[in-house]
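I opened the notebook on a new model today.

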Amino acid sequence: MEEKTLLNLFNPKLLEGKTVLITGGATGLGNAMANACASLGANIIIASRNIERLTTAAEEIEQKYSAKVLPVVCDVSKIEDVENLLLKAKEEFGSVDALINNAAGNFISPTENLSTNAFSKIIDIVLKGTINCSLTFGKDWIANNIHGSIINIITTYAFTGSSFVTPSAAAKGGVLALTRSLAVEWGKYGIRHNAIAPGPFPTKGALERLLPGDLAKQFDLKARVPLNRVGRHEELAGLVVYLLSGFADYINGEVICIDGGEWLQGAGQFNELSALPPEVWEQLKKQKPSK
């Protein structure tokens, strides 16, 4: 399904008048979310540590959709940067209606090979960064009686754990707990918290950074997905748009998986039997069940 067709499912003014902040919004999935929200009338704020990527992304979105886009350099692990982000956002748009905590970091390694500094780096970006943004903007919303919405981008291994990405799993698991905790605590203020757990959504260069050299070519992402394909960025962006819209005002504290069934395939004890050829199944049919 093309992006244009997908976005045509929504009223073109669905997010008109709203201001949406996306951390890690200059590239990859964050950029896809920013484009989708801008196409439906939202003002956009994108934040990351790279001013060149931010500027390029902002110019492209503005030219494509005639939207207002504010790029802000921000290291989400530093509270002073996040407080400056809030200040810049309010100066430009008056207030922010939605926050998408998308900024992340990861690397693949045996855990015993990691230093405490390497572990802390991921925790600082993913968990501490999400906490910094959620508290900074959430407190402002509470003080000003703004009914905001926060979407946290996690992973499916946030609730299963995963070998070789232990820092990320621990951090994303913390973000999941934060999502559910604040959904209950801040619901009385009209502030909704939800999480999205994407499966394989390849972004340019991302897999190569995690698996350098020929390793990325040997890693078949779609082989783990029952639908036998990876996700399209527009599909994730469409889910984000729905959760930010008025149609989702009663959804709070939920985690929505969008992974083609990947994590469920890995969870079932006998799911790998789907690889058996028909003749083997015929042999199994002829066997008598054990007593």
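This is a predicted model: local features need pLDDT of at least 70, side-chain atom pairs count only at pLDDT 80 or more; totals for chains, interfaces and linings use all residues.

In what sense do β6 and β7 pair, and over how many bridges? I looked this up before anything else. The pairing of β6 and β7 is parallel, and 4 bridges make it up.

**Entry: overall counts**

I listed the secondary structure of the protein and got 11 helices and 7 strands. The protein has 291 residues, and 44% of them are buried. I then took the contacts between residues at least 6 apart in sequence. Of those contacts, 74% join residues at least 24 apart.

**Entry: the sheet**

I traced the strand order next. The sheet is open, has 7 strands and reads β3-β2-β1-β4-β5-β6-β7, with parallel pairing. Which strands sit at the edges? They are β3 (69–73) and β7 (255–258), each of which pairs on one side only. From one strand to the next, the twist averages 20°. I also checked what packs on the sheet. Helix α6 (residues 166–185) does, and it touches β5, β6 (192–198) and β7. The direction of α6 makes about 150° with that of β6.

I went through the bridges strand by strand. β1 and β4 run parallel and are joined by 3 bridges. Within that pairing, Leu21 has Leu99 of β4 as its bridge partner, and Ile22 has Ile100 of β4. On to β5: 4 bridges join β4 to β5, again in parallel. Leu99 turns up here too, with Ile150 in β5 as its bridge partner. From β5 to β6 I found 5 bridges, and these strands run parallel. Ile151 is bridged to Asn194 in β6.

I looked at the connections as well. β4, helix α5 (residues 116–143) and β5 form a right-handed β-α-β unit. β5, α6 and β6 form a right-handed β-α-β unit too.

**Entry: which way the side chains point**

A general point I jotted down: in a regular strand, side chains alternate between the two faces of the sheet. I checked β4 for this. Ala98 and Ile100 point one way, Leu99 and Asn101 point the other way, and all are buried. Then I checked β6. Arg192, Asn194, Ile196 and Pro198 point one way, while His193, Ala195 and Ala197 point the other way. How many of the residues of β6 are buried? The count is 7 of 7, and the strand is mostly covered.

Leaving out residues up to four places away in sequence, Ile44 touches Val20, Ile22, Ala34, Cys37, Ala38, Lys68, Val69, Leu70 and Phe93.

**Entry: aromatic pair**

I searched for aromatic pairs and found 1 in the structure. The partners are Phe159 and Trp263, arranged edge-to-face. Their centres are 5.2 Å apart, and the planes make 80°. What parts does the pair tie together? Phe159 is in the loop between β5 and α6 and Trp263 is in helix α10 (residues 262–267), so the pair ties together parts that are 104 residues apart in sequence.

Phe159 has a relative accessible area of 32%, so it counts as partly exposed. Trp263 has 30%, so it is partly exposed as well. The cut-offs behind both calls are 20% for buried and 50% for exposed.

Technical notes
Residues are numbered from 1 along each chain as its sequence is written. Side-chain values use heavy atoms; hydrogens and water are left out. Contact means heavy atoms within 4.5 Å. Buried means under 20% relative accessible area, exposed over 50%, partly exposed in between (1.4 Å probe, protein chains only). Helices (H or I, at least four residues) and strands (E, at least two) are DSSP runs, numbered from the N terminus. Two strands pair if DSSP finds at least two bridges between them. A crossover is right-handed if, with the strands pointing away from the viewer, the path from the first strand over the helix to the second runs clockwise. Axes are lines fitted to C-alpha atoms, for helices over the stretch in contact, and angles run from 0 to 180 degrees between N-to-C directions. Rings of Phe, Tyr and Trp (its six-membered ring) pair if their centres lie within 6.5 Å; planes under 30 degrees apart count as stacked, over 60 as edge-to-face and the rest as tilted.
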